[in-house]
Amino acid sequence: MSPELIAPIMFGTLVVVLLAGFPVAFSLAAVAAVFGITGVLVGQFTAPFLLNMPLRVQGVFNSDNFLAIPMFVLMGLILERTGIAEDTLIALGRLFRKQPGGLLVATLALGSMLSAITGFVSASVITMGLIALPTMLKAGYDPKLATGSIAAAGTLAQMLPPSLVLIVLAEQVEVPLVEIFHAALLPSAMLVGLYLVYVVSIARWRPGFAPPMAEVAAVSSNAWKEAAVAAGVPMLLILTILTAIFFGVATPTEGGAVGVCASLLIGLAKRRLGRQQLADALTNTGVLCSSVIFLLLGASFFTLVFRGFDGQVWIE
């Protein structure tokens, strides 16, 4: 088999393995190991070439970008444990409850905020599923539309800065992290806008799919104030951090550190940050960061072998 064909076959094999449901980190490492042996057998590269992996691992751990990962994860988990997400959904739900599809709009707004805060999909989907789904089903929303909106909003964590995926991508493609954040901002805003247009259109076209909530009084000025405070505080935090990073005032790591300190202050101000909440946030941060490390190691091994087949032998 021609070595030029092995690289696309290797990529296709990875896609098949991932679709089969295997963990991403182990899929990357296993596919790379199999094709690395194949590359040695077909003479594409010699066995000592695979010894470059420790150098790539050293390059990964010497990267300043990855220092931002535990900071953003911890910031998100602290804000999640202090009930910021639940307060936001309740306040936005009260604000839009008289409108058809109002809870869908609130869910998408919450999903955007959670995605920017947490930076990873699972936390966004689980949190919104526990908070928003029972409320929408009780209000008579179509189950498919309700669960679909939650899943779609959760995927925003893949691309809304400061996404962990963007941090990993910046390192793997060797592009400055700030440029990745800049590039992802407009597509993320467009995607959120398209989601909102879709749910509003469905609510207008099929009112039975997303009916307005019954037994509701008129929206008072307090509802606007509650929504502004509940959603405004975390969004102001995220926008401040991203603005500082975009304009070079702070590095991503420094922005994450400031975000952690700010989230601690918010939790203390709300009197919801106790010893147990902080311990849970720190423990889950360690678990998630360990998963990211395994993912990075697998991705580094995969890219090393892939570039070997592709004729690009890059050593970090």
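Reader: Where does Met159 lie in relation to α8 and α9?

Author: Met159 belongs to the loop that runs between α8 (143-154) and α9, and since this is a predicted model, that placement is a feature of the prediction.

Reader: How many helices and strands does the secondary structure of the protein come to?

Author: The secondary structure comes to 13 helices and zero strands, so that the elements, read from the N terminus on, are α-α-α-α-α-α-α-α-α-α-α-α-α. For the chain as a whole, buried residues make up 44% of the 316 residues. The protein exposes about 15500 Å², of which carbon and sulfur atoms supply 71%.

Reader: What share of the contacts with a separation of 6 or more comes from residues 24 or more positions apart?

Author: Such residues account for 79% of the contacts in the protein with a separation of 6 or more.

Reader: How should I read a nonpolar core, and which residues have the most contacts inside the largest one here?

Author: The general idea is that, in soluble globular proteins, nonpolar side chains tend to be buried together. In this model the largest nonpolar core has 37 residues, and those with the most contacts inside it are Ile69, Phe72, Met75, Ile167, Phe181 and Leu237. At least two residues of this core are supplied by each of α4 (68-81), α6 (102-118), α9 (164-172), α10 (177-205), α11 (221-246), α12 (252-269) and α13 (275-309). The largest share, nine residues, comes from α4. There is also a second, separate core of 17 residues, and among its members are Phe45, Met53, Ala299 and Leu304.

Reader: Which residues are in contact with Phe181, leaving aside its neighbours within four places in sequence?

Author: Phe181 is in contact with Pro161, Pro162, Ser163, Leu166, Ile167, Ile245 and Phe246. Ile167 in that list is also, like Phe181, among the residues with the most contacts inside the largest core.

Reader: Is Cys289 buried or exposed?

Author: Cys289, whose place is in helix α13, is buried, with a relative accessible area of 14%. Apart from its neighbours within four places in sequence, Cys289 is in contact with Ile69 and Pro70. The C-alpha atoms of Cys289 and Leu74, which are 215 residues apart along the chain, are separated by 9.8 Å.

Reader: How does Ile293 read, and what is its relative accessible area?

Author: Ile293 also lies in helix α13, but its relative accessible area is 35%, so Ile293 is partly exposed. Between Ile293 and Val168 the sequence separation is 125 residues, whereas their C-alpha atoms are 10.0 Å apart in space.

Reader: How many aromatic pairs does the structure hold, and how are the rings of Phe302 and Phe306 arranged?

Author: An aromatic pair is read from the distance between ring centres and the angle between ring planes. The structure holds two such pairs. In the case of Phe302 and Phe306, the ring centres are 6.0 Å apart and the planes are at 15°, so the pair is stacked. Because these residues are four residues apart in helix α13, about one helical turn separates them. Phe302 counts as buried at 8% relative accessibility, while Phe306 is partly exposed at 24%.

Reader: Which residues make the nonpolar surface patch that includes Val15?

Author: Phe11, Val15 and Leu19 make this patch, which covers about 320 Å². Val15 is found in helix α1 (residues 3-19) and, at 34% relative accessibility, counts as partly exposed. The C-alpha atoms of Val15 and Ser27, 12 residues apart along the chain, are separated by 9.3 Å.

How values were computed
Residues are numbered from 1 along each chain as its sequence is written. This is a predicted model: local features need pLDDT of at least 70, side-chain atom pairs count only at pLDDT 80 or more; totals for chains, interfaces and linings use all residues. Side-chain values use heavy atoms; hydrogens and water are left out. A nonpolar core is a set of buried Ala, Val, Leu, Ile, Met, Phe, Trp, Tyr and Cys residues joined through side-chain atoms within 4.5 Å. Buried means under 20% relative accessible area, exposed over 50%, partly exposed in between (1.4 Å probe, protein chains only). Contact means heavy atoms within 4.5 Å. Patches are made of residues with over 30% relative accessible area and no salt bridge: like charges are joined within 9 Å, nonpolar side chains (Val, Leu, Ile, Met, Phe, Trp, Tyr) within 5 Å. Accessible areas come from the Shrake-Rupley method with a 1.4 Å probe; for residues, only the protein chains shown count as cover. A salt bridge is a side-chain nitrogen of Lys or Arg within 4 Å of a carboxyl oxygen of Asp or Glu. Rings of Phe, Tyr and Trp (its six-membered ring) pair if their centres lie within 6.5 Å; planes under 30 degrees apart count as stacked, over 60 as edge-to-face and the rest as tilted.
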